[in-house]
Protein chains: 4
Amino acid sequence: MSGARGGRLPDAVGPAMMALNQSVDIDWKLWRCDIRGSQVHARGLARAGVISEADAEQLVRGLDQVAAEIEAGEFRWDPAREDVHMNIEARLTEIVGPVGGKLHTGRSRNDQVATDLRLFVREQLDDTLSAISDFADVLLERAEQEIDVLMPAYTHLQRGQPSRLSHHLMAWQELMWRDYGRLRDARVRMNECPLGAGAVAGSGFPLPREWAAAELGFDRPMRNSLDATASRDFLMDALGGLAIVGTHLSRIGEELVLWSTYEFGFVSLSDEYSTSSSMMPQKKNPDVAELVRGKAARLIGNANTVLVLEKSLCFGYGRELQEDKLPTFDSFEAATQSLRALTGAVATLRFNKARLEGALDHGHVCATDLADLLVTEGIPFREAHHVVGQLVRVAEDAGVQLSELSPTQLGKAHARLAELDLSGALDPRRAVERRQLIGGPAKARVLGAIEDARARWKHPD
Amino acid sequence: MSGARGGRLPDAVGPAMMALNQSVDIDWKLWRCDIRGSQVHARGLARAGVISEADAEQLVRGLDQVAAEIEAGEFRWDPAREDVHMNIEARLTEIVGPVGGKLHTGRSRNDQVATDLRLFVREQLDDTLSAISDFADVLLERAEQEIDVLMPAYTHLQRGQPSRLSHHLMAWQELMWRDYGRLRDARVRMNECPLGAGAVAGSGFPLPREWAAAELGFDRPMRNSLDATASRDFLMDALGGLAIVGTHLSRIGEELVLWSTYEFGFVSLSDEYSTSSSMMPQKKNPDVAELVRGKAARLIGNANTVLVLEKSLCFGYGRELQEDKLPTFDSFEAATQSLRALTGAVATLRFNKARLEGALDHGHVCATDLADLLVTEGIPFREAHHVVGQLVRVAEDAGVQLSELSPTQLGKAHARLAELDLSGALDPRRAVERRQLIGGPAKARVLGAIEDARARWKHPD
Amino acid sequence: MSGARGGRLPDAVGPAMMALNQSVDIDWKLWRCDIRGSQVHARGLARAGVISEADAEQLVRGLDQVAAEIEAGEFRWDPAREDVHMNIEARLTEIVGPVGGKLHTGRSRNDQVATDLRLFVREQLDDTLSAISDFADVLLERAEQEIDVLMPAYTHLQRGQPSRLSHHLMAWQELMWRDYGRLRDARVRMNECPLGAGAVAGSGFPLPREWAAAELGFDRPMRNSLDATASRDFLMDALGGLAIVGTHLSRIGEELVLWSTYEFGFVSLSDEYSTSSSMMPQKKNPDVAELVRGKAARLIGNANTVLVLEKSLCFGYGRELQEDKLPTFDSFEAATQSLRALTGAVATLRFNKARLEGALDHGHVCATDLADLLVTEGIPFREAHHVVGQLVRVAEDAGVQLSELSPTQLGKAHARLAELDLSGALDPRRAVERRQLIGGPAKARVLGAIEDARARWKHPD
Amino acid sequence: MSGARGGRLPDAVGPAMMALNQSVDIDWKLWRCDIRGSQVHARGLARAGVISEADAEQLVRGLDQVAAEIEAGEFRWDPAREDVHMNIEARLTEIVGPVGGKLHTGRSRNDQVATDLRLFVREQLDDTLSAISDFADVLLERAEQEIDVLMPAYTHLQRGQPSRLSHHLMAWQELMWRDYGRLRDARVRMNECPLGAGAVAGSGFPLPREWAAAELGFDRPMRNSLDATASRDFLMDALGGLAIVGTHLSRIGEELVLWSTYEFGFVSLSDEYSTSSSMMPQKKNPDVAELVRGKAARLIGNANTVLVLEKSLCFGYGRELQEDKLPTFDSFEAATQSLRALTGAVATLRFNKARLEGALDHGHVCATDLADLLVTEGIPFREAHHVVGQLVRVAEDAGVQLSELSPTQLGKAHARLAELDLSGALDPRRAVERRQLIGGPAKARVLGAIEDARARWKHPD
């Protein structure tokens with residue numbers, strides 16, 4: 001990382017270089033983490049006897065003042081000072097005088113920014129974990145409320161088998177469960193402290209690294225100074241996890257868009273989560289769900305960007321690492337905005353029971369149950385499947401449902417069919433209840449799954 | 001696109017939805033294009049007799065005032081008004097009164113934003129093309145200046161054959177030539193006008209689409225209203241082209257980083273384009289080249305994002321299209337900043353002739369020429385290659401160069417070698433001049449290539 | 001590129017290295033191009049007087065025999081010979097004896113593979129262009145056949161305005177038109193010949209580069225030997241263009257999946273392009289459209305891969321370039337398979353006119369027309385939009401369509417409404433015909449667009 | 001998933017559809033997992049009383065025979081049978097007769113392929129984990145062997161501070177440690193069994209899901225049938241983790257390429273891991289390291305592909321999921337090939353101690369130590385940094401090292417400098433030993449880090 005010109009190099013760069021070089025328009029967001037890290041560093045220098053306690057105290061208080069100025073919106077970020085770190089240090093020195101020049105003792109911007117970024121990402125991960133958990137709560141609540149609503153399970157967007165709305169909502173909840181675990185694992189893995197690693201080969205002073213790590217809430221100091229300053233897999237890890245969250249939310253968003261169509265009519269978004277058109281006065285649009293799909297593209301793109309950025313970099317720190325901040329900030333914002341908006345949208349969603357259950361009446365959703373019935377009569381499944389497939393064709397040609405076929409039509413397909421009582425197989429409600437096995441949509445099973453999930457979410461870590 | 005609530009839907013949305021829904025923090029950058037498009041639309045409405053000339057005049061002047069306010073930094077962008085379009089229209093109505101409500105006649109935000117975005121992208125493409133051309137000019141100038149400096153051509157980062165610095169710079173220039181052509185083709189392809197396409201099925205009024213297209217500098221109106229409002233391949237095209245530019249610049253950046261090392265020592269960046277370290281006082285770092293590599297990651301990531309965003313979208317307009325703006329703005333900025341900084345860096349670069357030419361002394365860069373000499377003696381190339389390969393091994397073991405091998409050593413490898421005059425083959429300077437064929441590094445050939453390129457760049461379109 | 005061990009290096013590598021190093025399991029697909037390029041090189045060597053005409057003749061005939069063996073499936077590809085080039089040359093030498101060792105004179109695998117790959121990509125581009133053109137033909141044909149079928153135009157997947165099926169198909173056709181142009185531009189840009197560039201600094205022999213380029217159908221020799229061997233923007237360009245094609249086809253695929261649902265019911269895929277389920281006997285699934293969406297993911301991923309691969313590579317040739325072949329082969333296959341399958345699927349698609357036109361009856365698709373009518377009465381559009389928005393709410397609450405509202409209800413919203421004849425505004429068929437402007441869905445306009453497109457596709461280049 | 005035509009649909013599809021639809025050319029690799037899963041399913045059917053024990057036994061033995069045929073290379077994969085599953089089932093039925101038609105009872109290809117793929121990925125993850133661990137072993141071994149070799153630590157590829165080769169190798173090892181943990185977490189998360197989930201809504205038979213899960217080595221059955229058949233985050237997770245591995249290996253590869261240059265000369269690859277050139281007989285190229293960089297591009301591209309593929313998919317199973325297999329297979333192969341080849345290359349690498357330590361003599365690598373010395377004299381670091389920066393400039397201008405400056409020159413920069421003994425600060429060897437803090441390069445610290453790492457790797461899970 002560059003900076004501190006004026007000794008080796010002239011004071012200023014030209015405008016084309018400055019436009020490329022400055023980063024404070026983006027990295028100012030790290031200011032809280034930067035100040036917190038610097039305060040711990042100042043106190044660490046005093047503990048190591050490198051500066052006096054009085055100097056440390058002055059630095060800490062000066063940094064408090066800088067924080068207050070930023071908080072109050074009175075701070076002027078200056079691109080000529082390049083980045084958040086130099087902006088804060090320069091202002092600190094204006095406030096406290098020459099002692100400000102002692103803050104950077106035994107430290108480099110390389111370990112400083114690595115520390116700031118880990119503090120920031122940890123905080124953002126906690127925020128995201130909490131947003132995931134809130135969304136899961138809403139899903140569990142809605143699953144319980146709608147426990148008696150049936151609907152078809154689709155594959156290939158074609159009606160497949162009878163199922164239960166709650167079962168569908170619980171599938172969404174399972175995605176959130178794994179997403180939570182994945183980001184929590186990333187949080188555990190990244191919670192190590194780079195401070196003290198210096199530019200690349202460790203600080204020249206015997207800094208109390210374990211103490212500083214503990215002060216900043218880290219589990220331990222990082223074990224290798226080169227790794228500490230030049231590695232960013234914690235970003236690849238976090239942004240990769242967020243991209244999966246985004247992918248999952250986009251699937252939910254896609255279903256909400258679809259279910260909101262006139263043609264499906266399964267749900268109505270509350271007005272609060274709907275938008276209209278600037279031209280077409282009748283429109284009530286599911287923008288919330290579309291935006292969630294759109295954010296997923298950004299989350300995927302950002303995950304890709306940090307991988308590409310890290311590829312083939314020599315150790316240690318190289319300046320392109322600066323470019324990881326925009327994708328990082330954007331991904332956390334996109335993920336938490338999406339989670340929170342979907343949480344509100346699903347909490348206030350109206351499910352149209354008549355349309356959902358009505359969808360079981362067409363599409364031969366019990367064809368598998370009919371084939372299964374033949375299996376219990378000893379007919380190999382492949383043959384049963386073939387027989388029922390032909391029956392469906394007959395029904396389609398006649399424009400009727402399977403239950404409306406005559407005994408003659410049934411008997412032509414397979415002799416046993418004319419004799420059997422098919423009503424149990426062809427009643428969607430009974431078909432759902434037959435699926436009592438683990439992971440199935442029968443009522444008791446889904447209620448059990450809700451209970452089990454509630455227990456897991458109470459202690460997810 | 002949403003907006004214009006209050007008729008069909010209540011006035012406001014909740015905070016989680018608003019955070020996701022508003023876009024003015026990003027799309028305000030389109031303001032100039034938005035105002036220009038609206039002014040043409042207002043005049044078009046008058047031409048079509050939909051509104052009066054006086055109304056149109058009032059709208060145009062009101063928009064001029066909005067523009068002046070924005071220019072002066074006095075405009076307050078309001079997230080509650082969602083986006084750049086509604087912010088401007090709302091302010092216009094404050095200024096001109098109820099007639100402001102006529103501006104959006106026969107228009108939708110869907111054709112409006114498509115028009116704004118095309119105007120913006122076209123302007124940015126022109127800016128990028130000019131930056132590419134400027135960079136090529138500097139490359140040609142440096143190639144001419146350094147025409148007499150030899151250096152090895154590397155493959156696999158190993159010294160390969162004798163070549164010429166100008167030949168290397170001309171390779172960079174060839175990349176720029178194709179990048180220019182690619183973006184120019186994209187510009188030609190995208191220069192069509194969506195205005196008049198309405199929300200999706202065309203405006204309900206007989207707007208003068210050809211006139212409006214011409215007024216806005218477009219080649220023609222778009223041919224299909226659904227395509228006009230829902231397609232964004234002009235963004236995929238532009239961002240794809242910019243990603244290739246970024247990839248090319250990253251290759252140049254990588255070479256500058258490498259050539260700036262102590263170990264290579266081929267170049268010195270001017271101080272103006274160098275940075276130092278916050279910890280290590282001796283450092284002079286090639287951050288400009290590293291940042292260019294880093295920007296390439298962003299350019300690749302953004303190109304990916306817009307492809308992902310467009311994938312599997314139904315027609316017509318869907319709200320996720322809002323999400324294409326950040327990657328678009330970021331890519332143009334990253335590309336032009338990189339081009340301009342590299343232009344300055346290369347213009348002020350100092351080439352170290354001694355180190356470049358000195359690199360020809362080691363690495364057996366004339367081994368191919370020796371094999372070629374054997375070929376002219378009638379020995380099949382594969383055999384000649386094998387013979388020289390063994391000689392290199394002998395030389396390496398002895399710690400000498402090929403030219404220092406004794407006739408005995410040479411003769412052992414192949415009888416003819418002891419008899420031939422090898423000095424021509426083993427002199428790098430003569431080896432370069434032997435490569436007179438098209439595309440080769442001989443001096444006359446490179447001078448010709450420079451002249452030819454200059455002529456092409458004069459009329460690149 | 002490596003190879004030709006045995007002189008400088010020992011003959012063999014270990015198994016871990018061999019697994020990574022060999023590429024013949026993938027690049028054997030280049031064999032036709034490789035043989036064609038080698039035959040021209042052999043003849044070029046003779047023209048330049050480097051080898052005799054008789055030698056050249058022997059090489060050409062030997063290569064013909066190798067081709068015949070591969071064609072007949074009798075060729076044994078050997079990973080120990082690394083790649084397609086060494087496999088063919090080794091077999092050639094078995095056939096023709098020591099003269100085989102002359103083929104590689106004045107050539108490197110670096111210019112050889114660059115030539116092979118350009119020949120291959122050019123051929124594949126031509127194939128893809130032809131597949132795009134065939135698809136456009138089918139779209140034009142269907143657009144003409146279905147000219148009288150109306151349907152709603154959707155935005156946000158909500159019914160928006162009345163439109164015409166042919167207008168929708170013509171939007172798809174417009175995508176194909178630009179995709180064609182983009183790939184054709186890429187083809188023009190890449191049609192230059194690397195042969196003669198040698199390893200990096202040009203061949204050591206005065207090869208007839210212009211003659212060879214012409215023989216191989218290239219427009220000219222590449223202008224710089226370093227660029228010729230180390231640049232692959234022609235792949236980034238082609239794969240980027242294919243990714244856009246994939247994105248477009250995925251949009252069409254998404255619509256076919258949706259339109260095939262029971263809920264929409266707009267289309268039926270022919271049985272030939274449908275699939276069933278292994279478990280659910282009633283299923284008729286739109287796998288063709290889903291696979292097209294899936295291929296789009298591969299096309300996007302591959303475009304990304306080649307960009308990432310090229311990023312930050314030093315000149316000249318580096319071995320990672322080997323890794324661009326799998327994505328290249330996969331992308332062309334995915335694109336042409338998708339195009340051809342969609343062409344068949346759309347050609348045999350049955351449109352359900354009753355469902356398409358029935359969709360105009362609900363969703364207040366003429367609300368914009370009603371607002372436009374108020375505009376013609378002098379009411380500013382924003383006000384008109386608001387009035388109609390409130391009317392839609394009234395109609396929704398009453399469960400009726402706009403045309404079913406009573407004069408009293410209308411009059412409450414706006415006095416003029418009770419007096420006007422609304423039947424013209426609220427009839428979807430008349431609403432479509434009102435959109436006569438360029439790019440609109442009125443019948444005459446769409447017929448004109450079809451005619452215009454047919455003319456363009458006759459001479460697309 | 002399609003298949004089992006002939007009931008509902010005609011027997012065959014056309015060639016364009018077949019080319020797109022068949023997948024056996026790729027998914028045949030799943031055969032072992034498919035057979036293993038089917039055998040457990042057959043026994044599960046018997047346990048549930050759905051088929052007889054005798055039938056189950058016949059199916060299991062028939063599948064053993066199919067496995068034997070595949071193993072022996074006698075199996076003919078038939079694209080007309082679409083995929084690995086139908087190929088195996090069809091052959092099974094040829095062998096065992098009509099009872100073969102019972103295998104698919106209560107199962108769908110949807111839960112079948114999900115089970116196969118999880119078995120496959122689990123096995124591949126185990127293989128990758130073991131390859132990572134082996135590579136770490138070699139790194140630890142080399143770190144121990146080279147413990148006394150010093151070298152500069154670089155930032156921005158400029159010499160920064162004195163360090164130790166082992167410290168650098170231990171940084172590589174830290175990357176591997178986290179990569180191991182990340183993939184192991186993914187393995188834990190994915191080890192759940194989909195079998196029994198049926199097509200989407202659960203099997204219609206009371207299958208013993210817990211028993212089957214245990215038989216197949218899974219920790220539990222998946223909790224939701226919809227999630228079980230339609231989710232693939234285990235692939236996004238695994239491929240994301242592999243992309244990070246690839247990124248890390250590419251960094252190591254980049255350093256090996258660089259260190260192998262004549263200019264750096266830090267290492268020599270063993271001949272076994274080197275390659276030569278087809279044209280330039282002297283070349284010894286680091287292709288192994290370049291290929292590792294290239295594979296990283298594929299790993300990044302594949303991770304992107306599966307994210308894109310999953311985005312916006314409705315539940316349940318959709319056919320595009322077929323397209324995840326090629327990227328999955330390719331990523332595991334690329335990662336393990338890269339790991340194994342790098343393991344061999346590093347194990348046999350020769351470090352050039354003279355060149356590594358010689359690099360400390362130039363570049364003012366002790367400038368930070370000099371500034372630190374001034375700090376111990378009470379001078380604020382920023383001032384000290386400035387003073388030393390100016391001294392470096394003086395030294396550069398004079399063409400000398402800092403230690404060669406005269407007292408007068410030193411005194412001019414800062415009075416104290418003329419008086420102090422600078423030899424300790426300016427001796428790289430002592431500078432390294434001063435960095436005793438945690439994570440620093442002092443010998444004892446690095447030896448401790450090696451010991452600690454060895455202990456961790458013994459029980460990495």
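A salt bridge is a side-chain nitrogen of Lys or Arg within 4 Å of a carboxyl oxygen of Asp or Glu. By this rule the count comes to 196 salt bridges over all chains. The structure shown is a predicted model, and the legends below describe close-up views of it.

**Figure 1. A salt bridge joins A:Glu82 to A:Arg109.** Side chains of opposite charge can pair when their charged atoms come close. Here the separation from N to O is 3.6 Å. A:Glu82 belongs to the loop between α4 (53–71) and α5 (84–96) of chain A, whereas A:Arg109 belongs to helix α6 (residues 109–145) of chain A, so the pair ties together parts that are 27 residues apart in sequence. A residue is called buried when its relative accessible area is under 20%. A:Glu82, at 9%, is therefore buried, and A:Arg109, at 0% relative accessibility, is buried as well.

**Figure 2. C:Glu215 and C:Arg43 form a salt bridge between two helices of chain C.** The closest N and O atoms of the pair are 3.4 Å apart. C:Glu215 lies in helix α8 (residues 209–215) and C:Arg43 in helix α3 (residues 31–47), and the pair links distant parts of the chain, 172 residues apart. Are these two side chains buried or partly exposed? C:Glu215 has a relative accessibility of 37% and counts as partly exposed. C:Arg43 is also partly exposed, with a relative accessible area of 35%.

**Figure 3. D:Arg293 meets D:Glu254 in a salt bridge.** The distance from N to O is 2.7 Å. This pair, too, links distant parts of its chain: D:Arg293 is in helix α11 (residues 287–310) of chain D and D:Glu254 is in helix α10 (residues 233–259) of chain D, 39 residues apart. The relative accessible area of D:Arg293 is 8%, and this residue is buried. D:Glu254 is buried with a value of 6%.

**Figure 4. A network of salt bridges contains residues of chains A and D.** From chain A the network includes A:Arg178, A:Asp179, A:Arg182, A:Arg184 and A:Asp185. From chain D it includes D:Arg189, D:Asp227, D:Asp233 and D:Asp237. Chains A and D are also related as copies: chain D can be laid on chain A with an RMSD of 0.0 Å by a turn of 180° and a shift of 0.0 Å along the axis. That is the relation of a two-fold axis. Of the interface residues of chain D, 100% are also interface residues in chain A, so the copies meet through the same surface.

**Figure 5. B:Asp111 is a buried charged residue without a salt bridge.** The nearest side chain of opposite charge, B:Arg107, is 5.5 Å away. B:Asp111 is part of helix α6 (residues 109–145) of chain B. Which residues does B:Asp111 contact, leaving aside its neighbours within four places in sequence? They are B:Pro194, B:Leu195, B:Gly196, B:Ala197, B:Gly198 and B:Thr229.

**Figure 6. Aromatic rings of chains A and C form one cluster.** The structure holds 39 aromatic pairs over all chains. One of them, A:Phe264 with A:Phe266, is edge-to-face, with 5.5 Å from centre to centre and 85° between the planes. Both A:Phe264 and A:Phe266 are buried. In chain C, the ring centres of C:Tyr154 and C:Phe266 are 6.5 Å apart and their planes stand at 55°, so the pair is tilted. This pair links distant parts of the chain, with C:Tyr154 in strand β1 (residues 150–155) and C:Phe266 in the loop between α10 (233–259) and β5 (267–268), 112 residues apart. C:Tyr154 is buried with a relative accessible area of 6%, and C:Phe266 is buried at 1%.

**Figure 7. Arginine side chains sit over phenylalanine rings of another chain.** The charged end of B:Arg251 is placed over the ring of C:Phe315, 4.2 Å from its centre. The charged end of D:Arg251 is likewise over the ring of A:Phe315, 4.2 Å from its centre.

**Figure 8. C:Leu165 is a buried residue of helix α7 in chain C.** This helix spans residues 165–190, and C:Leu165 has a relative accessibility of 0%. C:Leu165 and C:Leu150 are 15 residues apart in sequence and 5.7 Å apart in space, C-alpha to C-alpha. Apart from neighbours within four places in sequence, the contacts of C:Leu165 are C:Glu146, C:Val149, C:Met151, C:Trp259, C:Phe351 and C:Leu356.

How values were computed: Residues numbered from 1 in each chain as written. Chains lettered and ligands numbered in written order. Predicted model: local features only at pLDDT ≥ 70, side-chain atom pairs only at ≥ 80, totals over all residues. Heavy atoms only, no water. Least-squares fit on C-alpha atoms with pLDDT ≥ 70 in both. Contact = heavy atoms within 4.5 Å. Helix = DSSP H or I, 4+ residues; strand = E, 2+ residues; numbered from the N terminus. Buried < 20%, exposed > 50% of the residue type's maximum accessible area, 1.4 Å probe, protein only. Lys, Arg positive; Asp, Glu negative; His and termini not counted. Phe/Tyr/Trp six-rings, centres within 6.5 Å; stacked < 30°, edge-to-face > 60°. Lys NZ or Arg CZ within 6 Å of the ring centre and 35° of its normal.
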